[in-house]
Amino acid sequence: MGRAARSLYDALEQLHSGIPLNWSQVEDDPELIALAQLSRSPDITEWRGTGTPRALQDELFEDLASRLPTPKPKPVKAPPKSLAGFSEAVPVPIQAEEDIPPLSANALPWVGATLAAAAGVALVLWLLASLLRLDSAPTFTWLQLRQDGKAVTEVRRPPGWVQPACRRADKGDGTALRRFDAPLVDRSQAQLKVGFPISFLPGTLPVTPTYGFRLLDVSLSPCTTDSPDPIDPGMMVKLTYTARKQVNPTTWTATSLVVFQGRAVPLTVNVERGNWKRVDIQGARGIYWRGAPYVDPEGKDWIGDVSVLALESGDRVSLYVGQTDLGVDEQMLASLAGYVEGSKLGGANRPLPSFNMIQLVKDGKPLENAPTPAARELSCRSGGEPNYKFEHRYYQVTSFKQAQAYTGYQLFSLPPTGEAPEPYHSSVIDGAVRPCTGNAFVSADPGASAQLRYNVMQTVRGKGIASQVTMFQWRFVPATVDVTKGTWKEVQLANGHGVLWSGVPYHDPDGSDWSRPVNVLVFEREDYVITLIGHQDEEVTEDLLIALATGMNR
Amino acid sequence: MRETLVRSVNKGRDAAPRRQPVSPELEGDYELAARMLEGDRDALRLWLGGHLPPVYGYLLRRLGPGREELAEEVAKSTFGVALRRVGPYAKGRARVPMRLWLLRLAGVQLSKRLRKRPVPQVPETEKQGRARRVLAALPTRKQEALYLALAEGLNGAELAAALGLRVPGAMRLLRSALKQADKGLGVAAGIYDQPDSQGERAEE
């Protein structure tokens, strides 16, 4: 590539990273000047028009779906024949294949003894199951599992509960199919029409393997009203997601995940075959079922290998459906539901987290019953009172390299690219350092604190968004998080533990007041404390902060 | 990382297959396309849900305000053509991420549509619409290059893929477009302000 092409290529790369071209870069090049000017032209780069009309998507879907070939039905395996002498209705526990001894020549002398023992155990279990069957079926308030038309679990409704008379379904007992309205793309718009908090999934799940979730749309199914209304006691919500699972560092599988939610509404899982088990996740009780086929509450057919997780917690019900072989398996659903249910805990019921280096404070005092981090004494190399005690200001440095030179530890930096769940790119804008003591930089100062500001370019709802994230980091010194105002929740990361705080105003370690609503992630990692801050109206979401923190490296 | 096999013939002898790595994005495109061609309606819904908004947005930005109906018309023809031609993705042979391929298709469909029935410029205010009017006066291919680079924020490699060119060729096209746009914009005449100096911190 020639010099002219290379300079244009580099300029595009810089703009793609969200960093504007500056005068000194373009002054001798008229075409680059034009590029710099056009890149600031609002009618080219800022005007985003209206969102994609839902009617367009529906019309296109119907048109193109009619051109798809007819899907070939997958062959259904015949159920395995039972051992001679046992009824096929025996509820034999599922046995892992590893437990079955291989039929090798060496194993032959043992096979007879093993089979006899297994038969004996199965007989005992069958006898016990027959005696205990009536008492073993779990009882739920809102959920029910029905297999081949028969109830497998018991139901006990709350006293005084009246079944809502749904206008659009024959009955509101959870067995009739629900009709969902045209989907909404905007979460807040959907929430306004629903009388209970919708639990949206996180963008990424900070577990191993990594899972990512992207919301495609939200649909509402009114019950007692003609159109969605928060007063409707039988309303149901359907969230459609793309769920991605990282199978190795460079490969992801993607599939559809649908979540149904309701409050004080019966929810029935109707199946013909498959295996199920009772689950308890973060205080929510329910059923995990795997098999095929499955018809969801909307009437959609799920074929192949389907996983369904149905949970109830208080008066809230939720149901997750996806394809097991494409990543929506029991492990994923359990992790996801654990995160969602854990996030719902609030107020007096929420257990207070225990940190090594983070102190929660309210009205100027440590939060009641919150464990206090072990006190640490930080001595600065050059003597004098440590600056962190006085909220001393940070001093500008000219580069990341200079920031590194004035701190006595390897600095963390944000990942240059990642997904949250949409793709993002980050690049450092500038930085500052607060020396351990005094107002002069000290080389390799272990008590110094660094502040780095980043540009983060994301794709949100199909459009590019540029936002800024400010990061503070220091070592050995505890941090306080004031939870007097705003909302907060504990966050467990793959490589750290901390608090997500949202609200306004926020007073940062540099003494600046953030006067627009912010999301703040303060977490401890080894003996470091790291703080990430960004404005909510710049799409610096909780998911983005978690993704940045999880991907951070030295 | 799933890899595709590329056979290279070396002077009459079959060389060992050379494996080319495939990005996770392309992996996802292959899988979705394969499922669609097996009749999976869920896959079609995912495909439209993920790709229609950026394509529609791109068409809207090319056409300007008041052209929503035309943008919808071109979006429909784009995806209709795309579904017919998605075979290379289903077979794991395509090398361009689908989002860039769809932008290219959208540009082609838009050109065809405008050649058939040109649309008049929507009147805009003098200062507001100047850049857009200057770009509208350029040949279609140069317009396309500028909009993809500026409005869609593609970098050099992505721009080349979306234009169906090699990187040096895409840079030459873009430079030529900028040269022509520069004449219409009158930067030297001081109609536009000078860019800000670098490194100023935004005030909270």
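**The interface and its charged pairs**

Tutor: In this predicted model, the side chains of A:Glu59 and B:Lys76 meet in a salt bridge, with N to O at 2.7 Å.

Student: How many salt bridges does the rule find across the interface of chain A and chain B?

Tutor: Side chains of opposite charge can pair when their charged atoms come close. The pair of A:Glu59 and B:Lys76 is a salt bridge. Across the interface of chain A and chain B, the number found by the rule is four.

Student: How do the residues on the side of chain A that touches chain B divide into nonpolar, polar and charged?

Tutor: The contact involves 68 residues of chain A and 73 residues of chain B. On the side of chain A that touches chain B, the residues divide into 29 nonpolar, 24 polar and 15 charged.

Student: What area do chain A and chain B bury between them?

Tutor: The size of an interface is often given as the accessible area lost when the parts come together. Carbon and sulfur atoms carry 63% of the area buried here. Between them, chain A and chain B bury about 6,300 Å².

Student: Which residue of chain A forms a salt bridge with B:Arg175?

Tutor: The closest N and O atoms of this salt bridge are 2.7 Å apart. The pair crosses between chains, from helix H9 (residues 167-185) of chain B to helix H3 (residues 30-38) of chain A. The partner of B:Arg175 is A:Glu31.

Student: Where in chain B does B:Glu152, the salt-bridge partner of B:Arg61, lie?

Tutor: The side chains of B:Arg61 and B:Glu152 meet at 2.9 Å, N to O. The pair links distant parts of the chain, 91 residues apart, with B:Arg61 in helix H2 (residues 41-63). B:Arg61 and B:Glu152 are both buried. B:Glu152 lies in the loop between helix H7 (140-150) and helix H8 (156-163).

Student: Is B:Arg35 buried or partly exposed?

Tutor: B:Arg35 forms a salt bridge with B:Asp40, the closest N and O atoms being 3.0 Å apart. B:Asp40 has a relative accessible area of 22% and is therefore partly exposed. The cut-off for buried is under 20%; because B:Arg35 has 11% relative accessibility, B:Arg35 counts as buried.

Conventions: Residues are numbered from 1 along each chain as its sequence is written. Chains are lettered from A and ligands numbered from 1 in the order in which they are written. This is a predicted model: local features need pLDDT of at least 70, side-chain atom pairs count only at pLDDT 80 or more; totals for chains, interfaces and linings use all residues. Side-chain values use heavy atoms; hydrogens and water are left out. Contact means heavy atoms within 4.5 Å. Buried area is the accessible area (1.4 Å probe) that two parts lose on being put together, summed over both. Ala, Val, Leu, Ile, Met, Phe, Trp, Tyr, Cys and Pro count as nonpolar, Asp, Glu, Lys and Arg as charged, and the others, Gly among them, as polar. Helices (H or I, at least four residues) and strands (E, at least two) are DSSP runs, numbered from the N terminus. Buried means under 20% relative accessible area, exposed over 50%, partly exposed in between (1.4 Å probe, protein chains only).
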